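Let's take a friendly walk through a protein model. Have the sequence and the 3D view ready, and follow along one region at a time.

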Amino acid sequence: MNTSLLHEIAERVGTPCYVYDADRIRANYHALASAFPGAGKPVIHFAVKANGNLSVLRLLRELGAGFDVVSGGEMHRALRAGARPESIVFAGVGKTDAELVDALAHGIGWINVESAQELRVLSDLAVAHGRVQRVALRLNPGVDPHTHDYMSTGKSGTKFGVEPATALDLIARRRAFPGVAIEGVHFHIGSMVFEPEPYLAALDVALDVITRARAMGAEVDSLDMGGGFGIPYTADQVAAPVAAMAAALLPRIRAAQIDLHLEPGRFLVADAGVLLTRVLYTKQSGGTDYVIVDAAMNDLIRPALYGATHQPAPLDPPTTTERRAVELVGPVCESGDFLAHSASLPPLTRGQLLTIANAGAYGMSMASNYNTRPRGAEVMVEGGAWRVIRPRETLDHLMAGE
Ligand code: LLP
């Protein structure tokens, strides 16, 4: 991103601040859409949990994306961003009755059901509201996606989805659920997946369920493969090879004559965002160099939560080749409040600006007010100009309703 624009943003909007690049989001969307070609398929549903800012959602909607939501709140974000209700997929292991009724009332395209009980509740609610809701059953395909434990959802024994045998049992008994039409299967094996193999293994399981369902006369014609495509956070990582993944997956999907849906989050927005932060202080403690910045774990929790790497870099080019291994930490009163461990950085001084890379996904959307810290502003850069797409929170926001 343009350095002088970032300087201007830091001066005018303050720090910490998330800055997103609209052109990068567009390029990411086109890269994924062209990797999976074919008459309007797959349908890309952006995972709103990765970045729910309405301006980001509007941009993706204009590109043709639908939305994957996991709460009533996310559903209303997508609707408010102008999404057609039919373009929304509602997943999640614990939807409340109120959320289901809300989704029925709004004519949401798909509800991805994650348990036998949920199917019963949804069917009854739909009957009471005079509707037949289209659903996909979320499968737990029992596949190891080789990622961080907290990002692994498709292994046997997780809380997500139903086992294939349960899905087939529900499909066999589908007439007992008159409020729903089971037209699809869904899986999401996890996040930060780099290999085609786990997707292929999960596809096997899903195709087997679809074949057996069709043999029972059920019209199951849709497969939602979830999201999870990895992006490089460290120098030794490379982006998930989506074109190669598509080449491995698509022939089998076409042969089975099913519509493909995807739910990427990170792949579309992560590298389009930086977290802009300013050095507050530098100090030494027990031989360790600390750089204390104004962004903290409440702004970007991924390092603390997953041990994730987000490369920090000074906004202005360093004037020396000297590098030091520093602990980059925030003001929050927790030893786990760090943005980077042993980051190799040039000598930094109070007031200097840093960017924290790849912060466009699961940055602001996971931010909190811990330590009664207002969440930072969000800014969109587009065509050489920038605009605030969410102002910094104020003291009034922090204490509203108390
Ligand atoms: N679909 C479902 C059902 C999901 O649960 C998720 C992510 C996605 C799609 C999008 O996954 P993506 O393409 O962004 O990998 N907060 C974490 C990752 C956990 C995401 C949970 N579900 C992070 O900061 O990395």
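## Helices α7 and α8

Is the crossing of α7 and α8 left-handed or right-handed? It is right-handed. Keep in mind as you look that this is a predicted model.

To find the pair, look for helix α7 at residues 164–172 and helix α8 at residues 196–215. Their axes come within 10 Å and cross at roughly 20°. Angles under 35 degrees count as roughly parallel, so α7 is roughly parallel to α8. On the α7 side, the contact is made by Pro 164, Leu 168 and Ile 171. Helix α8 brings Val 205, Val 209, Arg 212 and Ala 213 to the contact. Sorted by class, the residues of this contact include 6 nonpolar and 1 charged, with no polar ones.

## Helices α4 and α5

Now move to another pair of helices. Helix α4 covers residues 72–80, and helix α5 covers residues 97–106. They pack at an angle of about 25°, and their axes are 10 Å apart. That angle makes α4 roughly parallel to α5.

Which residues of α4 and α5 meet? From α4 come Gly 72, Met 75, His 76 and Leu 79. Their partners in α5 are Glu 99, Asp 102, Ala 103 and His 106. Here the classes are 3 nonpolar, 3 polar and 2 charged residues.

## Around the ligand

How many residues surround the ligand? There are 17, and the closest are Ser 191, Gly 228, Glu 263, Arg 302 and Tyr 362.

An N or O atom in the side chain of Ser 191 is 2.5 Å from a ligand oxygen. Tyr 362 also uses its side chain: one of its polar atoms lies 2.6 Å from an oxygen atom of the ligand. With Gly 228, a backbone N or O atom lies 2.7 Å from a ligand oxygen.

## Two backbone details in loops

Finally, take a look at the backbone in two loops. Pro 16 is in the loop between α1 (3–13) and β1 (17–21). The peptide bond leading from Thr 15 to Pro 16 is cis, and its omega is near -5°.

Where is Asn 358 placed? You will find Asn 358 in the loop between β15 (353–356) and β16 (377–382). Asn 358 is not a glycine, yet its phi is positive, at about 55°.

Notes
Residues numbered from 1 in each chain as written. Predicted model: local features only at pLDDT ≥ 70, side-chain atom pairs only at ≥ 80, totals over all residues. Heavy atoms only, no water. Axes fitted to C-alpha atoms, helices over the stretch in contact; angles between N-to-C directions. Helix = DSSP H or I, 4+ residues; strand = E, 2+ residues; numbered from the N terminus. Parallel < 35°, antiparallel > 145°, perpendicular 65-115°, else oblique. Left-handed = near helix turned anticlockwise from the far one by under 90°. Contact = heavy atoms within 4.5 Å. Nonpolar A, V, L, I, M, F, W, Y, C, P; charged D, E, K, R; others polar. Near = heavy atom within 4 Å. Polar contact = N/O pair within 3.5 Å; in protein donor to acceptor, adjacent residues only side chain to side chain.
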